[in-house]
Amino acid sequence: MSLPSSRSLAPGGTIGMLGGGQLGRMTALAAANLGFRCHIFAPEAESPAAMVSAAWTRAAYDDEAALTAFAEAVDVITYEFENVPAATAEILAPLKPLRPGARLLHVAQHRGREKTFFNNLGIATAPWALAGSESDFAAAVRAIGTPCIAKTTTEGYDGKGQARIVAATDLAATWARLGGRELIVEGFVDFVAEASVIAARDVDGAARCFPIGRNVHRDGILHTTTIPGGFDAATLAQGEDIGTRTAEAVDLVGLVCVELFVGRDGRMLANEMAPRPHNSGHWTQDGCVTSQFEQHVRAVCGLPLGPVEPRASRIEMTNLIGAEAEGWRSIVAEPNAKLHLYGKGEARPGRKMGHVNRFWP
Ligand SMILES: Nc1ncnc2c1ncn2[C@@H]1O[C@H](COP(=O)(O)OP(=O)(O)O)[C@@H](O)[C@H]1O
Ligand SMILES: [Mg+2]
């Protein structure tokens, strides 16, 4: 039985979630608060999401029998990472509503498709060119000019699979180091700030954006998100417009995050998108009437979206990477801090172990 798009899934229903990481975990916790159950589908031995969920299928994303049984056991299917294989989505989509849909998944899996999508909507990006071979790569760098950034078109995250290129860079060595695979070459954006817009859209097409924060990265990984971000009203309006248009263009049901660069002239450029809750929205757990996780659950279950007003005058989310999570004792002793740990075993360098939301009433 599939879920009619005009009807809501009642509390007690089960959300199927592809992926077992911290985004799935926090979505499952928000779903539990609304009376829903979560069933995680993830192949890894350790799953922060499965630890807090009603059920877990541990199987590969190409295990058709396991996927079919999973679809039978749930009412609606979503995901917490964008690299769900297209074949997996094709098996599941006819069986139960898959939200957000396969189109957004397809676009978000490839940096070239993302940039094309934005540009077709009239949303500005850095200048870019694709390169499928070493000689293409040299031509793309010549066309874009230096400095520029080369990125693998698929599977990059937290700054992985990227190289900064200047005039003296050895392109053959860079091509080899990035794996001899398709690259996108992007002009280097001399931004004054990074930001992101998280847009939610419900089954009836109503869209709402969370307040836009300022993101600071360290070593290619998000370090802090601060609300308010100190942007003027015109800049914020551009960001909201980019979020809303992106959501509408893919007929979104769920959440989409668009990462943005704020240029020196105040113009916003779109960088990349994620069809799911995003690290830059973790502040909403303690700083917003509705968290991004609850909003995602509401959208995919066919409930109306919740209010997105901030609940504090200033909120700052700081990621706890690797050994930084060992500072948990002092964080829980702070009067204006909320600690969120993901239950991961090993604190490897660069691994996201948790985050803290600090707020000022
Ligand atoms: N074209 C660019 N110009 C300047 N900085 C960039 C550019 N692309 C990426 N960066 C920097 O690298 C970070 C990570 O790149 P991003 O494209 O978001 O990949 P990831 O998937 O790793 O998050 C960005 O948040 C930004 O700080
Ligand atoms: Mg990014």
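Helices (H or I, at least four residues) and strands (E, at least two) are DSSP runs, numbered from the N terminus. The model is predicted: local features need pLDDT of at least 70 and side-chain atom pairs pLDDT 80 or more, whereas totals for chains, interfaces and linings use all residues. Residues are numbered from 1 along each chain as written, chains are lettered from A and ligands numbered from 1 in the order written, and side-chain values use heavy atoms, without hydrogens or water.

**Figure 1. The shell of residues around ligand 1.** Ligand 1 is surrounded by 19 residues (a heavy atom within 4 Å). Lys151, Gly159, Val189, Glu194 and Glu272 are the closest of these. By residue class, the shell holds seven charged, six polar and six nonpolar members (Asp, Glu, Lys and Arg are charged; Ala, Val, Leu, Ile, Met, Phe, Trp, Tyr, Cys and Pro nonpolar; the others, with Gly, polar). Four strands each contribute at least two residues to the shell: β6 (148–152), β8 (183–187), β13 (254–262) and β14 (268–274). Ligand 1 lies between domain 2 (127–187) and domain 3 (193–360), because both domains give residues to its shell; the domain bounds come from an automatic or database assignment.

**Figure 2. Close approaches of protein atoms to oxygen atoms of ligand 1.** A polar backbone atom of Gly159 is 2.5 Å from an oxygen atom of the ligand. The side chain of Lys151 places an N or O atom 2.6 Å from an oxygen atom of ligand 1. For His217, the distance from a side-chain N or O atom to a ligand oxygen atom is 3.3 Å. Ligand 1 taken alone exposes 540 Å², and the protein buries 91% of that area (Shrake-Rupley method, 1.4 Å probe).

**Figure 3. The magnesium site.** The magnesium ion is ligand 2, and its coordinating atoms are Glu259 (OE), Glu259 (OE) and Glu272 (OE), at 2.0 to 2.7 Å (donors are N, O and S atoms within 2.8 Å of the metal, or 3.2 Å for Na, K and Ca; water is absent, so sites may look incomplete). Glu259 belongs to strand β13 and Glu272 to strand β14, so the pair, 13 residues apart, links distant parts of the chain. Glu259 and Glu272 are both buried (under 20% relative accessible area; exposed is over 50%, partly exposed in between; 1.4 Å probe, protein chains only).

**Figure 4. The loop between β6 and β7.** Asp158 is found in the loop between β6 and β7 (162–165). Its phi is positive, about 50 degrees, although Asp158 is not a glycine. Asp158 counts as partly exposed because its relative accessibility is 21%. Gly161 is in the loop between β6 and β7 as well, and it counts as partly exposed at 28% relative accessibility.

**Figure 5. Two cis peptide bonds.** The bond from Arg99 to Pro100 is cis, with omega near -10 degrees. Pro100 lies in the loop that runs between α3 (86–92) and α4 (102–108). The bond from Thr146 to Pro147 is cis too, with omega near 0 degrees. Pro147 is placed in the loop between α6 and β6.

**Figure 6. Glu134 in helix α6.** Helix α6 spans residues 134–144 and includes Glu134. With a relative accessibility of 42%, Glu134 counts as partly exposed. Glu134 and Ala31 are separated by 103 residues in sequence and by 47 Å in space, C-alpha to C-alpha.

**Figure 7. The loop holding Asp251.** Asp251 is in the loop between α8 (233–249) and β13. Its phi is near 50 degrees, a positive value in a residue other than glycine. The relative accessible area of Asp251 is 54%, so this residue is exposed.

**Figure 8. Arg276 and its contact with Glu82.** Arg276 sits in the loop between β14 and α9 (284–287). At 13% relative accessibility, Arg276 counts as buried. The side chains of Arg276 and Glu82 are joined by a polar contact of 2.6 Å (N or O atoms within 3.5 Å; within protein, one able to donate a hydrogen and the other to accept it, with sequence neighbours counted only if both atoms are side-chain atoms).

**Figure 9. Helix α10 and the glycine after it.** Helix α10 covers residues 292–300, and nine of its nine residues are buried. Among them are Phe293, His296, Arg298 and Val300. Gly302 follows α10 and has a positive phi, near 80 degrees.
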